[in-house]
Amino acid sequence: ADLKDLDLAIIEVGIGGRLDATNVINPICSVITNIGFDHMNQLGSNKESILNEKLGIVKNNSLFITSIKEHNLIDIANDKCNQMNTTFKKVDFESLKIKKLDLDSSVFSYKGYKDVEIKLLGKHQIENACLVIEIVETLNNYFKNKKSTFVVSNEILYEGLINTTWPGRLECVSKEPLIYIDGGHN
């Protein structure tokens, strides 16, 4: 495929942040899910210093979305966005209502999105799905303002969320006996 035919590229960072090789990209939108204690030798020894390194991805006059929950970290991210004249948006966990959470699937409502179903297991995956909804909404608004026809419909969003799988991560390989495998590095 020719790159000029590319509508949108989603680029995942390595360690993330200021020192990441992907930091040369000038994105429409940057996303930080949460702050954990990975790559501490490069990023720092506490969540505040790790976040400050990761916020190196924030560019001037762009969009930033996060699902960080800690108020002090949200304040740090919001301050950075204000300095960079960047729109700050976070997942509104107050709007999340979990209807079902078991070993088969999860069903939840978030803001105006009702009965969203995902197959990825765990409450953290529900929270990740809320982040996806925020990203899709934000990009849809961005492209509408640019008079672009590139829009992700609610139907496609729901379909994408329910059909997302992650082989090797909390994957059920047997019902009788019940066996799950997980190849997570941490």
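## A tour from Phe-150 to the cores

Select Phe-150 to begin: its relative accessibility is 25%, so this residue counts as partly exposed (buried means under 20% relative accessible area, exposed over 50%, partly exposed in between, with a 1.4 Å probe and protein chains only). You're looking at a predicted model, where local features need pLDDT of at least 70 and side-chain atom pairs count only at pLDDT 80 or more, while totals for chains, interfaces and linings use all residues. Residues are numbered from 1 along each chain as its sequence is written, and side-chain values use heavy atoms, with hydrogens and water left out.

**Stop 1: around Phe-150**

Phe-150 sits in the loop between α4 (123-145) and α5 (154-163). Those labels come from DSSP runs, numbered from the N terminus: helices are H or I with at least four residues, strands are E with at least two. Which residues does Phe-150 touch, not counting residues up to four places away in sequence? Show Asp-7, Leu-8, Asn-140 and Phe-143; a contact here means heavy atoms within 4.5 Å. Now pick Tyr-110: its C-alpha is 23 Å from that of Phe-150, and the two are 40 residues apart in sequence.

**Stop 2: along α4**

Select α4 from end to end. Its 23 residues reach 34 Å from the first C-alpha to the last, close to the expected 33 Å (the expected span is 1.5 Å times one less than the number of residues). After the helix comes Lys-147, with a positive phi near 60°.

**Stop 3: charged pairs**

Side chains of opposite charge can pair when their charged atoms come close. How many salt bridges are there? The count is 13, taking a salt bridge as a side-chain nitrogen of Lys or Arg within 4 Å of a carboxyl oxygen of Asp or Glu.

Glu-70 is partly exposed at 27%, and so is Lys-47 at 24%.

Next, click Glu-127 and Lys-69, another salt bridge, with 2.5 Å between the closest N and O atoms. Glu-127 belongs to helix α4 and Lys-69 to the loop between β2 and α3, so the parts they tie together are 58 residues apart in sequence. Is Glu-127 buried or exposed? Glu-127 counts as buried, at 13% relative accessibility, whereas Lys-69 is partly exposed at 41%.

Then jump to Asp-104 and Lys-175, which meet at 3.1 Å, N to O. Asp-104 is in the loop between β4 (96-101) and β5 (106-110), Lys-175 in the loop between β7 (171-174) and β8 (179-181), so the pair links parts 71 residues apart in sequence. While you're here, select Lys-89, Lys-111, Glu-134 and Glu-137: salt bridges with shared partners join them into one network.

**Stop 4: the cores**

Finally, select Phe-108, Tyr-110, Ile-133 and Leu-161, which touch the most other members of the largest nonpolar core, a set of 20 residues. A nonpolar core is a set of buried Ala, Val, Leu, Ile, Met, Phe, Trp, Tyr and Cys residues joined through side-chain atoms within 4.5 Å. Elements giving two or more residues to this core are β2, β5, β6 (113-118), α4 and α5, and α4 supplies the largest share, 8 residues. A second, separate core has 15 residues, including Leu-55, Ile-57, Ile-68 and Leu-73.
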